[in-house]
Amino acid sequence: MERISFPAISATRAATGAFVLLLTVSLIAVIFLVVYPNDLRLQSIVTGGCEPRPLRAPRFVGPVASPSPPSPDLRVLLGVLTVPDAYERRSLVRRAYLLQQPRLVGKALVDVRFVLCNLTKEEQRVLVAMEIMLYGDIMILNCTENVNDGKTYNYFSSLPRTLGGADDRRPYDYVIKTDDDTYYRLGNLAETLRTLPREDLYLGLHVPCHSAEEGFMSGMGYLLSWDLVEWISTSELARRKMMGPEDIMVGVWMNEADRGRNRVDTNPRMYDYPEGPDTCYRHAFIPDTIAVHKLKDNMKWAKTLRYFNVTHNLETSDLSPY
């Protein structure tokens, strides 16, 4: 019998072990290639890096890869006048309007923009810039932040110059000025506008209540047709009378220039949050609401959103802790 030396046995075992290891690695590689053909990235494993996935932006930020819906025949700009430091409120209002957008696709375009004056703090320049990068829904006017010292005039008068219009087509049919304590029901608003003129229209909650006087539309939110916005941008009357309570002054512009002759009082569909006894401008929630005003805190927003079933698709059980 031939005797085999120990070195020969060791070499044989080493060769066998190497073969088994190589076979195992090969089988694992084959499994990954067959089961996960698109997920094996050798370069990523070696370098420790990975390619970022593209993120979809909200509908009104810009084009995305999905097919574009039909161009709507009703276009509205809803400008929410707010202040740079109101980050939390802007976030809440933004979500409240984004959740309504899917129901408008192909029916109406309602672009929501948050309107600020010049940024004056270092943190504003960074944090507001982040909002612009993520959502693209911030408008910054060349003014000092104010309520009744011309901000509303600057908002309206800047739009024709800023937005213009391609091939003589108006960028919007209507423009709204509202505040960050007002919640619009965009679907109800759009359906209402479909039946109304698109020229010389001035719509809102009329003050004085149920009066034949010319008056004005409440600052909770009012709408002007685009031709009136164009007129404001060139009107010496509006420029001279920009200072003062903004809703009253817009009424003054319309009354003294005999503009906005198509006036629509939305009472009782626009009203203040139902807190306290009913008045001409305050009552219980109603289904065909266009806008609710004086939502000064998160609880009032929550109760308003609950009434309109904003989160009804998410069952309470879905919110239970794990």
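The entries below go from confidence to helices to the sheet.

**Ground rules.** I am working with a predicted model, where local features need pLDDT of at least 70, side-chain atom pairs count only at pLDDT 80 or more, and totals for chains, interfaces and linings use all residues. Residues are numbered from 1 along each chain as its sequence is written, and side-chain values use heavy atoms, with hydrogens and water left out.

**Confidence.** I looked up pLDDT (the predictor's confidence in each residue, from 0 to 100): the chain mean is 83, and 74% of residues reach 70 or more. Residues 1–12 fall below 50, with one contact (heavy atoms within 4.5 Å) beyond near neighbours in sequence. Residues 28–68 are also below 50, but that stretch has 29 such contacts.

**H5 and H7.** Helices here are DSSP runs of H or I, at least four residues, and strands are E runs of at least two, numbered from the N terminus. I found the axes (lines fitted to C-alpha atoms over the stretch in contact, angles from 0 to 180 degrees between N-to-C directions) of H5 (151–163) and H7 (226–234) coming within 8 Å and crossing at roughly 100°. They are therefore roughly perpendicular (65 to 115 degrees). Among the residues that meet are Tyr 153 and Phe 156 of H5 and Trp 226 and Val 229 of H7.

**H9.** I noted Met 249, Val 250 and Trp 253 among its buried residues (under 20% relative accessible area, 1.4 Å probe, protein chains only). Just after H9, Asp 258 has a positive phi of about 55°.

**Sheet.** I read an open, mixed sheet of three strands, ordered S5-S10-S9. Strands pair if DSSP finds at least two bridges between them; S9 and S10 run parallel, joined by three. Met 270 has Ala 291 of S10 as its bridge partner.

Conventions:
Parallel < 35°, antiparallel > 145°, perpendicular 65-115°, else oblique. Buried < 20%, exposed > 50% of the residue type's maximum accessible area, 1.4 Å probe, protein only.
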